[in-house]
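Subject: Structure handover

Hello,

Here is the structure for your files. My notes on its contents follow below it.

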Amino acid sequence: TTHAIVAGWSNDFNGAVENYKKATAYDVAGRYEYRNRFAQYLLDYSVDNEVKTTEIQEIYKYAMQLEEKNVTENPQDYLPELYLSRFNIVLGKLDPKSPYNDIALQHSLKALTYSETFVRTYYEIAQAYLNKKDYVNATAQFEKAIQLNPDVGISYWYLGAVQMQTGQVDEALTNMTTAIKKGYVISENDYLNLANVYVKRNDFVSLVSVYEGLVKVAPANAQYMASLAVAYARVGRIDDAVAAAHRTAEIDVNFLSEARSFVEQLGRTW
């Protein structure tokens, strides 16, 4: 297992899989955790990598068999059921009609019978519905998660993401804002998606907040700083706009001419 973990750190997928297979081949104490570590490694891998080829899918199916053993050996344990649900979600995400999505629901709904207060279970159920393009049931699951624990910010973000897909933009933005207020740390891509929405709505007050977040996430990105300068100018924060323009040119000298022209158009000297 240690060799597998180190191989994973080195982005050696084949080496990690080979060692995880060796580790889980032994019927010894700790096998429950070794199987789960293998499962988590594969699920983490699927975040940034497609699971399309037959060879890769067979590895996932092998790990699923190991989780089935955890289910058999540990009745009333929701964790193996959730691992099996997520495996099926990964395998079924490209096809709304895939039977993997229905199997995922079976496992996550079974996990729910073991613990109705584990928020993650509702996320898994919702994701299976999202795979099936069933946004009504997906929304209902995220709403249940919020009711269960209204202080978990990510639940509001997930709900907002579904509402954005279904055209409920105002509701989506309200929930996404609530998510951030409750401590959900959004990614660079999340910020960019929000920026696109606010640009279309000409909401420059909100754009200021978005670009302020982006320059914290990616301080070396001159384009984000330049966009922040424009947003400041549009809401009348001229001093901040000038300062952001100067910072843009400091980050990337290729922006110098454009930044100088921008500042002069604001009636200030460079």
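Thr121 touches Leu82, Ser108, Ala111, Leu112 and Ser115, leaving aside residues up to four places away in sequence; contact here means heavy atoms within 4.5 Å. Thr121 is found in helix 7, where helices (H or I, at least four residues) are DSSP runs, numbered from the N terminus. Thr121 is buried, at a relative accessible area of 0%; buried means under 20% relative accessible area (1.4 Å probe, protein chains only).

On provenance: this is a predicted model, in which local features need pLDDT of at least 70 and side-chain atom pairs count only at pLDDT 80 or more, while totals for chains, interfaces and linings use all residues. Residues are numbered from 1 along each chain as its sequence is written, and side-chain values use heavy atoms, with hydrogens and water left out.

Next, the helix pairs. The axes of helix 7 (residues 119-131) and helix 9 (residues 153-165) come within 11 Å and cross at roughly 15°. Helix 7 is therefore roughly parallel to helix 9 (angles under 35 degrees count as roughly parallel, over 145 as roughly antiparallel). Axes are lines fitted to C-alpha atoms, for helices over the stretch in contact, with angles from 0 to 180 degrees between N-to-C directions. The crossing of these two helices is left-handed, meaning that the near helix is turned anticlockwise from the far one by less than a right angle. Helix 7 contributes Val119, Tyr123 and Leu130 to the contact, and helix 9 contributes Ile154, Ser155, Tyr158, Val162 and Gln165.

For helix 12 (residues 204-217) and helix 13 (residues 222-234), the axes come within 9 Å and cross at roughly 155°. These two helices are therefore roughly antiparallel to each other, and their crossing is also left-handed. Residues of helix 12 in the contact include Phe204, Leu207 and Tyr211, and those of helix 13 include Tyr224, Leu228 and Arg234.

Last, the cores. The largest nonpolar core has 53 residues, and Phe142, Trp157, Leu194, Leu207, Val210 and Phe262 have the most contacts inside it. A nonpolar core is a set of buried Ala, Val, Leu, Ile, Met, Phe, Trp, Tyr and Cys residues joined through side-chain atoms within 4.5 Å. Helix 7 supplies the largest share of this core, eight residues. Apart from this core lies another, of 25 residues, among them Ala7, Tyr20, Ala63 and Val90.

Regards

Terms used. Parallel < 35°, antiparallel > 145°, perpendicular 65-115°, else oblique. Buried < 20%, exposed > 50% of the residue type's maximum accessible area, 1.4 Å probe, protein only.
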